[in-house]
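Subject: Structure handover

Hello,

Here is the structure I promised to pass on to you. Have a look at it first, and then read on for my notes.

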Amino acid sequence: MTSWTAWADSQPELPPAARGVLERELGPLTPSAAVAVADAHVPESRLQRGVVERFKQVVDRDALLLDAESRARHAGGQAYVDIARRRRGDATAAPDAVLRPRDAAAVSRILQVCTEDGIAVVPWGGGTSVVGGLDAERGDFAAVVALDLSRMDALVSVDPVSRLATFQPGIRTPAAEAALAPHGFTLGHVPQSFERASLGGYVVTRSAGQSSTGVGRIDDLVAGVRMATPTGELVLAPVAGSAAGPDLRRLVLGSEGVLGVVTEVTLRVRPLPTERHYEGWVVPSWEAGLTLMRSLIQDGPHPDIARLSDPDETAVSMLMSSAGRFTRRALSLYLRARGAGDGCLLITGYEGNARDVRHRRDGVRKRLRSAGAVSLGQRAGRSWEHSRFAAPALRDTLFDAGVLAETLETAATWTSLHAVYAAVRDALRASLGRAVVGCHVSHLYPTGASLYFTVLAAADAADNETQWLRAKTAANDAISAAGGTITHHHAVGTAHRGHVQADLGGEVGVRALRALKHELDPVGIMNPGKLLPVPR
Ligand SMILES: Cc1cc2nc3c(=O)[nH]c(=O)nc-3n(C[C@H](O)[C@H](O)[C@H](O)COP(=O)(O)OP(=O)(O)OC[C@H]3O[C@@H](n4cnc5c(N)ncnc54)[C@H](O)[C@@H]3O)c2cc1C
């Protein structure tokens, strides 16, 4: 079984030359090792015997886990600070029990027991939250349980005529795609956490996949949903289109488990593409690249995947992939020699039928060339495709090497995108000192785009958690001040709750959301501390 701290069963090696590059850029590194789950400090469960007995009456015998290891494995998600804590052997954030229901009826029975006995509930999908969405906060309650949905993992039905597929919430994306493939369909939702995240998790965090510029974000794919709440089941059947009042599906999207548990979701599916084509380009500058991205999405044709890296991200990815053969200066000279200025890497991708792919690719190529972009060909595209899920495992290798590696994201209108970009970069650098801060734009909209930052710094061996939390707060402050959204696709959780009020429509919007929560969850057991603002 996978280690409780690492993303995958195996980790890539860090070539000595790449370690040299890192030390040159970040300064001396102090390697660290992860404590095994068997040696973790897990506090005693606070669940009282009477509650344990009640759970046993409402779920199968093997659906209730009280052992230290199962609880430790549910101690937080995949944020840098979650992993750092677990690597130290600290599982004090573990829930008091883990419940693994098999169906929606069992979920409702669990919520009833928790409401009556005052037990907090943290719904658990794939466990990939990077914003503290899985923190086992008790709120005012004596105990907290993780409601692990991984056994609710079936494809329920496919409607090939309307191109809809209904799933249980705990199914992981590879299993969902494998179940759809024999029907000739795909979801096309491919976030970097593809291998581990669940469909229910995507819906309640409003996830965006790497092809979102073409396929849309999960928001665009949800046609229907069922949600168990402490006061009853909300059933919103799929519709083609409707004017029947506000669309309550939109209240479930992004609800992060604070209103209830999504027990079923109906998604729009599309035919499996017959053609996939990815290619690489170098664009002369970040500013020119942003203008190009805007014109592609506003005027078309546009790719399904458009990922533009800034000069720092471009340099780091090329330095790392060249395993130290280049210095930054040599790289810059190399790019200039190829006519690519400071050089920003751009990946474009097309998925669909051959005619559609050819039409869009040829149109985009023409636009890129006339803007001075230099083609790196399909090889660069294929290399991106092969490594598109590699970063999480590499992060574990970097952890071992003593590197703090973390990401954060926002989005802004085209008018303010550059200002938000500059503000966040400055804030991160001011907080971390010697660090590499790279960024890419990867989700395009006619009105603006997302910004996704990757940060590398030498981890503070004495307290890397505070080191990152300080930098993250500085970035959050900068995003809020510059007019970006506090989250484009990672959701709010605990990491953004101090900065989310403006995104929710200010004081009136927050009051409306609290009122809704109170109606569906009057005792307040659902995922305490997440999504709703707290004073900073
Ligand atoms: C390496 C890595 C890469 C990532 N890349 C992307 C990316 O490209 N795009 C992107 O959008 N996100 C990305 N994420 C973030 C994360 O994968 C998403 O937020 C994802 O949607 C979470 O899904 P999950 O099933 O893991 O949910 P979890 O992490 O288990 O839960 C997330 C939140 O939703 C709640 N929840 C989960 N399931 C339910 C349910 N059925 N009903 C009610 N509440 C529920 C939880 O309580 C929690 O608050 C990445 C994360 C990692 C670690």
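Which polar backbone atom is 2.9 Å from an oxygen atom of the ligand? That atom belongs to G133. Before going further, please keep in mind that this is a predicted model.

**The ligand**

T128 places a polar side-chain atom 2.6 Å from a ligand oxygen, and T205 has a polar side-chain atom 2.7 Å from an oxygen atom of the ligand. On its own the ligand would expose 960 Å², and the protein buries 97% of that area. Helix 7 provides the largest share, with four residues.

In total, 34 residues surround the ligand, and the closest are P123, T128, S129, S193 and S198. Sorted by class, the shell has 18 polar residues, 15 nonpolar ones and one charged residue.

**Salt bridges**

As a reminder, side chains of opposite charge can pair when their charged atoms come close. The whole structure holds 28 salt bridges. One of them joins the side chains of R360 and D304, with N and O 2.9 Å apart. R360 sits in helix 14 (residues 354–370) and D304 in the loop between helix 11 and strand 13, so this pair ties together parts that are 56 residues apart in sequence. R360 is buried, at 10% relative accessible area, and D304 is buried too, at 8%.

A second salt bridge is formed by R425 and D312, whose closest N and O atoms are 3.2 Å apart. Here the link runs between helix 17 (residues 414–432), which holds R425, and helix 12 (residues 311–321), which holds D312, across 113 residues. Why does R425 count as buried? Its relative accessible area is 19%, and the cut-off for buried is under 20%. D312 is buried as well, with a relative accessible area of 13%.

E406 and R395 make another salt bridge, with their closest N and O atoms 2.9 Å apart. E406 is in strand 16 (residues 403–413) and R395 in helix 16 (residues 391–401), 11 residues apart. Both of these residues are buried.

**Aromatic pairs**

The search of the whole structure found five aromatic pairs. In one of them, the rings of Y80 and F399 have centres 4.7 Å apart and planes at 5°, so the pair is stacked. Y80 belongs to helix 4 (residues 80–87) and F399 to helix 16, which puts the partners 319 residues apart. Y80 is buried, with a relative accessible area of 0%, and F399 counts as buried at 4%.

W286 and Y421 form a tilted pair, at 4.8 Å centre to centre and 35° between the planes. Since W286 lies in helix 11 and Y421 in helix 17, the pair ties together parts that are 135 residues apart in sequence. Both partners are under cover: W286 is buried at 3% relative accessibility, and Y421 is buried at 4%. F453 joins W286 and Y421 in a cluster linked by ring pairs.

**Backbone points to check**

Where is the cis peptide bond that involves P301? It runs from G300 to P301, with omega near -10°. P301 is found in the loop between helix 11 (286–299) and strand 13 (305–309).

Two residues other than glycine have positive phi values. E256 has phi near 55° and lies in the loop between helix 10 (249–252) and strand 10 (261–268). E256 counts as buried, at 9% relative accessibility. N527 has phi near 40° and is placed in the segment after helix 19 (506–520). N527 is buried at 3% relative accessibility.

Happy browsing, and best wishes

Definitions and conventions: Residues numbered from 1 in each chain as written. Predicted model: local features only at pLDDT ≥ 70, side-chain atom pairs only at ≥ 80, totals over all residues. Heavy atoms only, no water. Buried < 20%, exposed > 50% of the residue type's maximum accessible area, 1.4 Å probe, protein only. Near = heavy atom within 4 Å. Polar contact = N/O pair within 3.5 Å; in protein donor to acceptor, adjacent residues only side chain to side chain. Areas by Shrake-Rupley, 256 points an atom, 1.4 Å probe, with all protein chains shown as cover. Nonpolar A, V, L, I, M, F, W, Y, C, P; charged D, E, K, R; others polar. Salt bridge = Lys/Arg side-chain N within 4 Å of Asp/Glu carboxyl O. Phe/Tyr/Trp six-rings, centres within 6.5 Å; stacked < 30°, edge-to-face > 60°.
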